[in-house]
Amino acid sequence: MTTTEAVSNHTEGVHGYHKQKDQHLKRLRRIEGQIRGLQRMVDEDVYCIDILTQVSASTKALQSFALQLLEEHLRHCVADAAVKGGDEIDAKVEEATKAIARLLRS
């Protein structure tokens with residue numbers, strides 16, 4: 001199996017976040033509310049610094065969510081691939097490394 005084939009198989013089976021799906025959705029709805037709050041603040045001509053403070057809080061909330069999702073991916077998907085061995089573990093490590101790189105760029 002090539003790296004691309006192993007990574008494309010991620011749609012099969014249960015994802016690492018499935019046990020916390022309800023909590024994740026609740027958290028994302030809260031973040032969505034923060035973003036709507038930003039829109040309201042701009043619409044109501046709120047002071048720039050106050051808006052920037054809310055942007056920072058929203059960004060931190062998304063980063064925190066991303067780290068939790070990454071941890072679940074490592075514990076479930078990457079660990080499962082490690083048990084299976086072969087090309088699949090290499091593909092999952094490469095996939096996780098690229099995800100971490102994207103997070104660091106943001």
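So, going from the N terminus, the elements of the protein chain run α-α-α-α. That's four helices and zero strands. Keep in mind that this is a predicted model.

Helix α2 covers residues 21-43, helix α3 takes in residues 48-84, and helix α4 spans residues 87-105.

How does the chain pack? Take the contacts between residues with a separation of 6 or more: 57% of those involve residues 24 or more positions apart. Here's one pair to look at on the screen. Leucine 28 sits in helix α2, and 34 residues separate leucine 28 from leucine 62 in sequence, yet their C-alpha atoms are 8.2 Å apart in space. Leucine 28 itself is partly exposed, at 33% relative accessible area.

What about burial overall? The chain has 106 residues, and 23% of them count as buried. One of the buried ones is histidine 73, with a relative accessible area of 18%. Since the cut-off for buried is under 20%, histidine 73 makes it into that group because its value is 18%. You'll find histidine 73 in helix α3. Leaving aside anything up to four places away in sequence, histidine 73 touches Val78, Glu95 and Ala96.

Now the outside. The chain exposes about 7,600 Å², and 57% of that comes from carbon and sulfur atoms. There's a nonpolar patch on the surface, formed by Tyr47, Ile49, Leu52 and Val55, and together they have about 400 Å² of accessible area. Valine 55 belongs to helix α3 and is partly exposed, at 34% relative accessible area.

On to cysteines, for anyone thinking about disulfides. A disulfide is a covalent bond between the sulfur atoms of two cysteines. Cysteine 48 is exposed, with a relative accessible area of 54%, whereas cysteine 77 is buried, at 15%.

Last topic, charges. Side chains of opposite charge can pair when their charged atoms come close. Searching the whole structure turns up seven salt bridges, and I'll walk you through some of them.

Start in helix α4. Glutamate 94 and lysine 98 form a salt bridge, with their closest N and O atoms 3.0 Å apart. Both residues lie in helix α4, four residues apart, so about one turn of the helix. Glutamate 94 is partly exposed at 33% relative accessible area, and lysine 98 also counts as partly exposed, at 47%.

The side chains of aspartate 80 and lysine 84 meet at 3.2 Å, N to O. Those two both lie in helix α3, and again they're four residues apart, about one turn of the helix. Lysine 84 also forms a salt bridge with glutamate 88, where the closest N and O atoms are 3.9 Å apart.

Notes
Residues numbered from 1 in each chain as written. Predicted model: local features only at pLDDT ≥ 70, side-chain atom pairs only at ≥ 80, totals over all residues. Heavy atoms only, no water. Buried < 20%, exposed > 50% of the residue type's maximum accessible area, 1.4 Å probe, protein only. Contact = heavy atoms within 4.5 Å. Areas by Shrake-Rupley, 256 points an atom, 1.4 Å probe, with all protein chains shown as cover. Patch = residues over 30% accessible without salt bridge, like charges linked within 9 Å, V, L, I, M, F, W, Y side chains within 5 Å. Salt bridge = Lys/Arg side-chain N within 4 Å of Asp/Glu carboxyl O.
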